[in-house]
Amino acid sequence: MDFQSLQIMPEILKNLKRTGYTEPTPIQQKAIPQVLQKRDLFGCAQTGTGKTAAFAVPILQRLAQAPVSGHPIRALVLTPTRELAIQNYDNFRLYGKGLPLNCCVIYGGVSQNAQVQQLKKGAEILLATPGRLNDLIGQGYIDLSHLEIFVLDEADRMLDMGFIRDVKRVIAQLPAQRQNLMFSATLPKEIRSLVDSILQDPIEISVTPPSTTVDAIAQEVCYVDKNNKGKLLIWALKDPRISSALVFTRTKHGADRVVRDLTRAGITAAAIHGNKSQNARQAALTKFRCHQVRVLVATDIAARGIDIPDISHVFNFDIPEVPETYVHRIGRTARAGSSGTAISFCSIDEKADFKQIEKLIRKKVPEIKEHPYPMQNLVPMSKEERQKKQVKRRAAAQAARNRRMEKAPAQKHSAPKKPEKHTAHQNVHKNGAKGKASAGIDAAKKQNFPKASVPAAKKHSRPVEKSRVPVPKESAHRQVRRDLMKYLPKPLRSRPADQPLKHHL
Ligand SMILES: Nc1ncnc2c1ncn2[C@@H]1O[C@H](COP(=O)(O)OP(=O)(O)OP(=O)(O)O)[C@@H](O)[C@H]1O
Ligand SMILES: [Mg+2]
């Protein structure tokens, strides 16, 4: 089958040909006709099999064939990460080159000004992460009342605990009459009912069973003690066949630590995680794409959707706790029909998680037995030990947060900017974020969402958004007082703030 037989319009056909696509992938063959027929759809296909074009191509065609004046937002694609929003934006522009349609991408972590300017010019297709989208809706810069197509890329991630509130707030802004599309490589049972509550009379397309991994990925596991994982990684990277490796760690600090160790060992590496600025994240990704660094060390922000063609190896430095995450992580290799290798480093305490992964993917992952750091510790941690460790880890994380806050440069709190004037199609929402939020709740209720998960008006901002508020620097005097506090007897610690400390010493 070729793209022509899917009734794709000539302009898009030309773009696909220029991109090097000769025939549609199975998910594209099945999804494109359904999307063109305006059906709601859940599309499930393995990682790297072209789900993006499966929705982008028919969306571009639908919108281009029924033009509307004034550039209102007609299609919205939500993604869990900023990098994925940017990547989808690039893909829409690639497939839609020459069409009279504007695309716009909005995401957090950077100034909103350029994005607002872009929105003001008008865009039929909006690619967004939910936090920034809700922010700009609250400020009156975005009107979704003309929306025709709503897409959740990485749908199961968008509907899990981390995003569901934001997504529901967005849905509450959308017209009831619309086409809903969802795509992912995994579909956990727990989100099934949520999916059903959003899609209307959907077609379900499953090219392969959900959560299966691409056969072209050679999967292997090394059983190793936790404290030897760094050395094992350096040993593994001595293999010259590893041209480009993506290493996943569980924590941001873990990622930084791995980069430090690799750099010391003379291996070029960069890190991408949530503590880095958006510019640093993009820079690390670009360096890795251009082969300026051989290794990219990432937390799970890079696990979903990111498409870098030449990754030869994925390493799970830590085993993910959520089995689906494994499927997405290793899916960063062997994309678009190529092959790749995924090697997991599993310590005794992660064995149970790895078993769950094998159960999900319905495969037994072969063990690499011949390596210089075989597992010595064969006794898993007791429940109490695990809890103690967790408490310690949380305290360390809190301490690190505090240190960051102390380091943060003092910034003046400037008055919030007034929304600027809007073009004709941009509906100016006069009620603030709070008013919008309550409107959102009403609409969410109307759409029969489960009651318990309707967000409270005050809890809307996600922690990511909060971190954008400048943190005033603590004065030296206050800092000294806080440090001395721990030497005071407990009742005295809550003395009135205006009483000098010496009275109590
Ligand atoms: N018809 C096609 N022919 C050749 N290559 C294609 C085709 N469609 C998509 N690709 C390429 O396949 C790669 C993977 O595509 P895409 O990122 O859409 O996969 P995906 O299914 O969304 O994966 P993931 O589940 O990881 O998000 C991309 O590099 C894309 O350019
Ligand atoms: Mg994708």
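Biologist: How many bridges join strand E12 to strand E13?

Modeller: Strands (E, at least two residues) and helices (H or I, at least four residues) are DSSP runs, numbered from the N terminus. Two strands pair if DSSP finds at least two bridges between them. E12 covers residues 313-316 and E13 covers residues 340-346, and they run parallel. The number of bridges joining them is four.

Biologist: What pLDDT do local features need in this model?

Modeller: Residues are numbered from 1 along each chain as its sequence is written, while chains are lettered from A and ligands numbered from 1 in the order in which they are written. The model is predicted: totals for chains, interfaces and linings use all residues, side-chain atom pairs count only at pLDDT 80 or more, and local features need pLDDT of at least 70.

Biologist: What share of the protein chain is buried?

Modeller: A residue is buried if 20 or more other C-beta atoms lie within 10 Å of its own, exposed if 12 or fewer, and partly exposed in between; the C-beta atoms are placed from the backbone. The chain holds 19 helices and 13 strands. Of its 505 residues, the buried share is 41%.

Biologist: Which residue stands opposite Val-314?

Modeller: Val-314 has its counterpart in E13. E12 and E13 are joined by four bridges. The residue opposite Val-314 is Ala-342.

Biologist: Which strands stand at the edges of the six-strand sheet?

Modeller: This open sheet has the order E8-E13-E12-E9-E11-E10, with parallel pairing. An edge strand has a single partner, so one side of it is left without a neighbour in the sheet. The edge strands are E8 (217-223) and E10 (269-272).

Biologist: What is the bridge partner of Ala-218?

Modeller: E8 and E13 pair in the parallel sense over seven bridges. E8 is mostly covered, with five of its seven residues buried. In E13, the partner of Ala-218 is Thr-341.

Biologist: At what angle to E10 does helix H11 run?

Modeller: Contact here means that two residues have C-beta atoms, placed from the backbone, within 7 Å. Helix H12 (residues 278-289) lies across E10 and E11, at about 140° to E10. Helix H11 (residues 252-264) lies across E9, E10 and E11. Its angle to E10 is about 175°.

Biologist: Which strands stand at the edges of the seven-strand sheet?

Modeller: The order of this open sheet is E3-E4-E2-E5-E6-E1-E7, and the pairing is parallel. Each edge strand pairs on one side only. These strands are E3 (103-106) and E7 (203-206).

Biologist: What does the twist of that sheet average from one strand to the next?

Modeller: The sheet of seven strands is open, with parallel pairing. From one strand to the next, its twist averages 15°.

Biologist: At what angle to E6 does helix H3 run?

Modeller: E6 (residues 179-184) pairs with E1 (residues 41-44) over four bridges in the parallel sense. H3 lies across E1, E2, E4, E5 and E6. Its angle to E6 is about 160°.

Biologist: Which residues come nearest to ligand 1?

Modeller: A residue is near a molecule or strand if its C-beta atom, placed from the backbone, lies within 6 Å of it. There are 19 residues around ligand 1. H3 (residues 51-65) gives the most to this shell, with three residues. The nearest are Tyr-21, Gly-50, Lys-51, Thr-52 and Ala-336.

Biologist: Which domains each give at least three residues to that shell?

Modeller: Domain bounds come from an automatic or database domain assignment. The shell around ligand 1 draws on domain 1 (3-206) and domain 2 (217-388).

Biologist: Is His-291 buried or exposed?

Modeller: Most residues other than glycine have a negative phi. His-291 has a positive phi, near 60°. It sits in the loop between H12 and E11. Because it has 11 C-beta neighbours inside 10 Å, His-291 counts as exposed.

Biologist: How many residues of helix H13 are buried?

Modeller: H13 covers residues 323-330 and is mostly covered. Its buried residues are covered by elements including E8, E9, E12 and E13.

Definitions and conventions. Axes fitted to C-alpha atoms, helices over the stretch in contact; angles between N-to-C directions.
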